[in-house]
Amino acid sequence: MHLFDKDGLKMPNHEKRIKEEKINELIFSSEKLIEQKQFQKARELLNFILTELDEKSTDAMNNIAAIEILEENYNQALEILNKIVKYDPDNEIALNNIFYVKSLVNDQEKKVFKRGTDSLLEKYDLPKNYQDLIGNGDFIKVGEDFLKHFIKIGNLKENYSVLDVGCGLGRMALPLSEYLNEEGKYTGFDIVKREIEWCKKIIEPRRKNFNFFHADVFNFHYNPTGKTRPCFYKFPLESNQFDFVILTSVFTHMLSFEVDNYLSEISRVLKPGKRCFITFFLINDESLQHISNGDSAVKFEFKINEFRLNDHKDPEAAVAFEESFIRELSEKKNLKVVDPIYYGQWCGRENFYDYQDIIIADKNS
Ligand SMILES: C[S@@+](CC[C@H](N)C(=O)[O-])C[C@H]1O[C@@H](n2cnc3c(N)ncnc32)[C@H](O)[C@@H]1O
């Protein structure tokens with residue numbers, strides 16, 4: 001009995017191992033066949049894995065998707081890749097390939113659009129100091145990187161209704177205009193009038209479900225003549241209407257009582273269960289350590305309660321918040337921070353996700 005139990009426990013593991021070895025062998029052979037462009041034979045091996053050995057083998061599915069991509073059957077590839085992500089939402093290969101296939105599908109349009117955008121930036125006399133307004137970096141690349149983040153870690157979908165608070169010169173709107181479909185919708189607002197004028201002129205006519213508006217809200221750095229104080233500004237938008245609210249490099253330019261009001265407004269306009277994606281400079285033990293080691297380009301030497309300024313003469317040029325303060329404040333606003341926080345490189349971290357820290361938070365249902 002004892003022996004039987006022991007064998008009984010051992011057998012499934014043993015069988016499992018043999019099965020895994022067989023699958024690995026077949027995957028390896030299929031990859032060789034794919035390299036030799038023997039797609040039909042490779043497909044047969046991979047289908048054998050899925051029908052006889054493991055119907056959920058994501059390796060086999062990824063290889064079939066690769067064949068579909070090589071044969072330019074992009075819709076079939078996307079179908080398979082989406083199925084993989086259903087079984088395994090973090091499957092890096094499938095996620096990257098989804099993005100790759102979508103960019104291949106859009107390639108023609110994208111090239112034209114990109115070229116168009118570059119020349120439009122010049123043609124329409126982009127504000128001379130536009131890099132002061134939106135920061136340094138490659139305008140197009142930063143937008144495309146963030147679109148990837150929205151999809152990968154924010155779970156943005158093509159049919160979502162998106163609000164872009166502090167949209168600037170449409171750095172996020174441009175890639176979103178290629179990603180969101182007919183059912184999707186985009187609204188962006190900013191306090192700098194000429195930025196909104198530019199977005200209205202360049203982006204609105206290209207996508208009928210995209211719109212921008214100007215909010216004459218005060219900010220010492222960006223709009224020193226603004227009429228409404230950010231701590232009192234009510235977004236002129238109906239409640240419970242957005243699936244995804246983004247703020248990229250906006251709360252890094254606002255003070256704490258202003259962020260308090262904006263988080264209330266974000267929570268109000270989000271549909272229950274839907275999310276916001278916000279970048280910050282977050283102060284915690286790790287970032288403080290880097291700052292005191294001299295690793296950080298921004299020092300945030302001026303501490304005022306729960307926030308810190310980099311330059312007290314130009315307070316909103318760069319603002320950092322205690323991470324614990326943002327967590328507590330979000331909770332008060334009915335927004336649940338989704339861990340992990342994706343920490344950024346700004347303070348000199350060696351392992352980072354992007355430049356600023358990214359918080360994703362869901363409105364409670
Ligand atoms: C560094 S830029 C980022 C722009 C854009 N989000 C992007 O990623 O390209 C900061 C933006 O925040 C905007 N901003 C500052 N205070 C704001 C407020 N109270 N409401 C809305 N936008 C604001 C500025 O006008 C500016 O366009």
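**Close-up views of a predicted model**

**View 1. Helix α8 and its length.** At 1.5 Å a residue, the 14 residues of helix α8 (residues 139–152) should span 20 Å, and because the end C-alpha atoms lie 20 Å apart, expectation and model agree. The model shown in this and the other views is predicted. Buried positions in α8 are Phe139, Val142, Gly143, Glu144, Phe146, Leu147 and Phe150. An α-helix has 3.6 residues a turn, so residues three or four places apart point the same way. Among the elements that cover the buried residues of α8 are α9 (173–179), β4 (242–247) and β5 (270–280).

View 2. The ligand has 22 residues around it, of which Gly166, Gly168, Arg171, Tyr222 and Thr248 come nearest. By class, the shell around the ligand holds twelve nonpolar, seven polar and three charged residues.

View 3. With neighbours within four places in sequence left aside, valine 162 is in contact with Leu176, Leu180, Lys185, Tyr186, Phe242, Phe244 and Ile246. In soluble globular proteins, nonpolar side chains tend to be buried together.

**View 4. An open sheet of four strands.** The strand order is β6-β9-β8-β7, and the pairing is mixed. Strands β6 and β7 (302–304) are at the edges with a single partner strand each, so one side of each has no neighbour in the sheet.

**View 5. Strand β9 and two of its pairings.** Strand β9 (residues 319–322) runs parallel to strand β6 (residues 282–283), and two bridges join them. In this pairing, isoleucine 283 stands opposite glutamate 322. Strand β8 (residues 307–309) runs antiparallel to β9 and is joined to it by three bridges. Here arginine 308 is the residue opposite alanine 320 of β9.

Definitions and conventions: Residues are numbered from 1 along each chain as its sequence is written. This is a predicted model: local features need pLDDT of at least 70, side-chain atom pairs count only at pLDDT 80 or more; totals for chains, interfaces and linings use all residues. Two strands pair if DSSP finds at least two bridges between them. The expected span of a helix is 1.5 Å times one less than its number of residues. A residue is buried if 20 or more other C-beta atoms lie within 10 Å of its own, exposed if 12 or fewer, and partly exposed in between; C-beta atoms are placed from the backbone. Two residues are in contact if their C-beta atoms, placed from the backbone, lie within 7 Å. A residue is near a molecule or strand if its C-beta atom, placed from the backbone, lies within 6 Å of it. Ala, Val, Leu, Ile, Met, Phe, Trp, Tyr, Cys and Pro count as nonpolar, Asp, Glu, Lys and Arg as charged, and the others, Gly among them, as polar.
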